[in-house]
Amino acid sequence: MSVRREWARKQARAADEALLVNRLTALGGESRVAVHENETVLVSVAKNGMLRVHRGFAYAPDGVLAAVLAFVNPKTPAHKRRKAERRIKHFSVDEYVRPARRRRRSVKIRPGDRKLIATLRRIHQRLNDERFGGELSSIRFRISHRMRRRLGELTVDPETDRAVEIAISARHLRRDDWHEVEHTVLHEMVHQWQAESGLDIDHGATFRLKAVEVGVLPRADRLIASDRGMGMDWTSKETMHAV
């Protein structure tokens, strides 16, 4: 990037930050605000109390900014926080700030992964026939050797709302029996069903009802991540919904 373009980018970022601070302050919110362009986490609160917001929200309607303030306020009731979360999720920052182009990291398939993936595909096909009446599409599987706290996750392309991949933790596959792994796959298939049905992908009432119907134990998870543990992972190209 040229020196002139970098200078222009920094000036635009500073202007968006100032605009966002003024707008949030006018709504009675926090004046300690830092903008960022990380689309993995749109809204977060740092350990020092600094509110970090994607700079695209500088152009959001007042109602969306009010939702941001409600979401990060620990006194907000849970039902109102969920409503605020949905409002935040539906605001498209890409329309105001061009997402940075990132090279997709190539994923090396390790020895033994292909056999595991083939088994996961067979499980998916069987569960699809048994529990979903064969309505779900076939989907790519990946073994994640980086997952530590999660058992599995569904990846969704937000531009098309299409479920594109289910990743299963390699640690989960090593440590747990196939009955537990099957349960994890079924959990992610409920998220896949949400995506293919045009529904919000979350762990709300719709998820719980479908989970009970197909025989999976619902597990709570959030969609906007913050350092306080509240919330949604939202990436520029893909969204992860994890167990």
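Helices (H or I, at least four residues) and strands (E, at least two) are DSSP runs, numbered from the N terminus. The model is a predicted one, in which local features need pLDDT of at least 70 and side-chain atom pairs count only at pLDDT 80 or more, while totals for chains, interfaces and linings use all residues. Residues are numbered from 1 along each chain as its sequence is written, and side-chain values use heavy atoms, with hydrogens and water left out.

Helix H6 covers residues 178–196, and at 1.5 Å a residue it should span 27 Å, which agrees with the 26 Å between its end C-alpha atoms; the expected span is 1.5 Å times one less than the number of residues. At the start of H6, the backbone nitrogen of His 179 lies within 3.1 Å of a side-chain oxygen of Asp 177, and after the helix comes Gly 198, whose phi is positive, near 75 degrees.

## A sheet of three strands

An open sheet is formed by 3 strands in the order S1-S3-S2, with mixed pairing; two strands pair if DSSP finds at least two bridges between them. Its edge strands, S1 (33–36) and S2 (43–45), each pair on one side only. Strand S1 and strand S3 (residues 51–54) run parallel and are joined by 4 bridges, and Val 35 stands opposite Val 53 in S3.

## Helices H1 and H2

The axes of helix H1 (residues 3–26) and helix H2 (residues 62–72) come within 10 Å and cross at roughly 80 degrees, which makes H1 roughly perpendicular to H2, a term for angles of 65 to 115 degrees. These axes are lines fitted to C-alpha atoms over the stretch in contact, and angles run from 0 to 180 degrees between N-to-C directions. Leu 20, Arg 23 and Leu 24 of H1 make the contact (heavy atoms within 4.5 Å) with Asp 62, Leu 65 and Leu 69 of H2.

## Glu 165 in strand S6

Glu 165 is placed in strand S6 (residues 162–169), and at 6% relative accessibility Glu 165 counts as buried. Its side chain makes a polar contact of 3.0 Å with the side chain of Arg 140 and another of 2.9 Å with the side chain of Arg 142. A polar contact is a pair of N or O atoms within 3.5 Å; within protein, one must be able to donate a hydrogen and the other to accept it, and residues adjacent in sequence count only if both atoms are side-chain atoms.

How values were computed. Parallel < 35°, antiparallel > 145°, perpendicular 65-115°, else oblique. Buried < 20%, exposed > 50% of the residue type's maximum accessible area, 1.4 Å probe, protein only.
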